[in-house]
Amino acid sequence: MFKTGGGTARQDRAMNTDLRREMQQLLDDWAAAIVANDPARIAGFAEDGWALVGGRGALPRQRFLDVVASGELTHEAMSFDVLDVWDRGEVVVVLAHGTNSGHWQGRPFTADEFVTEVFSRDGEGWRCVVSALSPREQ
């Protein structure tokens with residue numbers, strides 16, 4: 001169990017549950033924007049400097065949005081199951097199990113991976129700073 005503040009154990013559990021639920025909803029909403037293949041909606045979830053980090057390195061936000069806008073990358077399904085959340089004051093770190101499917105340059109793909117998301121709160125809500133993907137071993 002992680003601790004979010006100076007409250008009692010019961011208060012900390014309640015805060016953790018509320019934050020976990022909030023992060024699950026945020027990931028569900030972001031996944032819906034990605035499945036809609038809508039670059040403007042997707043952009044609303046990520047800071048300008050956001051990057052998607054995977055086995056080939058870091059993909060900057062604008063490049064990700066460009067490949068979605070061009071149709072090179074499409075998604076038909078995406079889901080997340082939040083596994084854990086760490087509240088570090090200025091940022092929240094979320095560990096989730098994610099699956100998705102779609103097409104890359106006309107070829108179908110599926111992914112089953114663990115996702116680490118780092119979010120910060122701005123004046124409008126949570127925005128992702130970085131997303132790191134780790135393929136799930138079968």
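Student: What counts as a helix or a strand here?

Tutor: Helices are DSSP runs of H or I with at least four residues, strands are DSSP runs of E with at least two, and both are numbered from the N terminus. This protein has 3 helices and 6 strands. Along the sequence the pattern reads α-α-β-β-α-β-β-β-β.

Student: What should I know about the model and its numbering?

Tutor: The model is predicted: local features need pLDDT of at least 70, side-chain atom pairs count only at pLDDT 80 or more, and totals for chains, interfaces and linings use all residues. Residues are numbered from 1 along each chain as its sequence is written, and side-chain values use heavy atoms, with hydrogens and water left out.

Student: How much of the protein is buried?

Tutor: Start with the cut-offs. Buried means under 20% relative accessible area, exposed means over 50%, and partly exposed lies in between (1.4 Å probe, protein chains only). Buried residues make up 36% of the 138 residues.

Student: Which residues form the aromatic cluster?

Tutor: Rings of Phe, Tyr and Trp (its six-membered ring) pair if their centres lie within 6.5 Å. Planes under 30 degrees apart count as stacked, over 60 as edge-to-face, and the rest as tilted. This rule gives 4 aromatic pairs. One of them is Trp30 with Phe45, which is stacked, at 5.9 Å centre to centre and 15° between the planes. Trp30 sits in helix H1 (residues 9-35) and Phe45 in the loop between helix H2 (39-43) and strand S1 (46-54), so the pair ties together parts 15 residues apart in sequence. Trp30 counts as buried at 5% relative accessibility. Phe45 counts as buried too, at 15%. Now take Trp50 and Phe64: their ring centres are 5.6 Å apart and their planes stand at 75°, so this pair is edge-to-face. Trp50 lies in strand S1 and Phe64 in helix H3 (residues 61-70), so the pair ties together parts 14 residues apart in sequence. The cluster consists of Trp30, Phe45, Trp50, Phe64 and Phe119.

Student: Why do the buried residues of H3 line one face of the helix?

Tutor: First, the general idea. An α-helix has 3.6 residues a turn, so residues three or four places apart point the same way. In H3, the buried residues are Arg61, Phe64, Leu65, Val67 and Val68. Seen down the axis of H3, they fall within an arc of 165° (taken from the directions from the helix axis to the C-beta atoms), so they line one face.

Student: What covers those buried residues of H3?

Tutor: The cover includes H2, S1, strand S2 (57-60), strand S3 (73-87) and strand S4 (91-104). Just after H3, Gly71 takes a positive phi of about 85°.

Student: Where is Ser120, and which residues does Ser120 touch?

Tutor: Ser120 is in strand S5 (residues 107-122). Ser120 counts as buried because its relative accessibility is 12%. Contact means heavy atoms within 4.5 Å. Leaving out residues up to four places away in sequence, Ser120 touches Glu47, Glu90, Val91, Gly125, Trp126, Arg127 and Val129.

Student: What joins the side chains of Ser120 and Glu47?

Tutor: A polar contact of 2.5 Å joins them. The term means a pair of N or O atoms within 3.5 Å; within protein, one must be able to donate a hydrogen and the other to accept it, and residues adjacent in sequence count only if both atoms are side-chain atoms.
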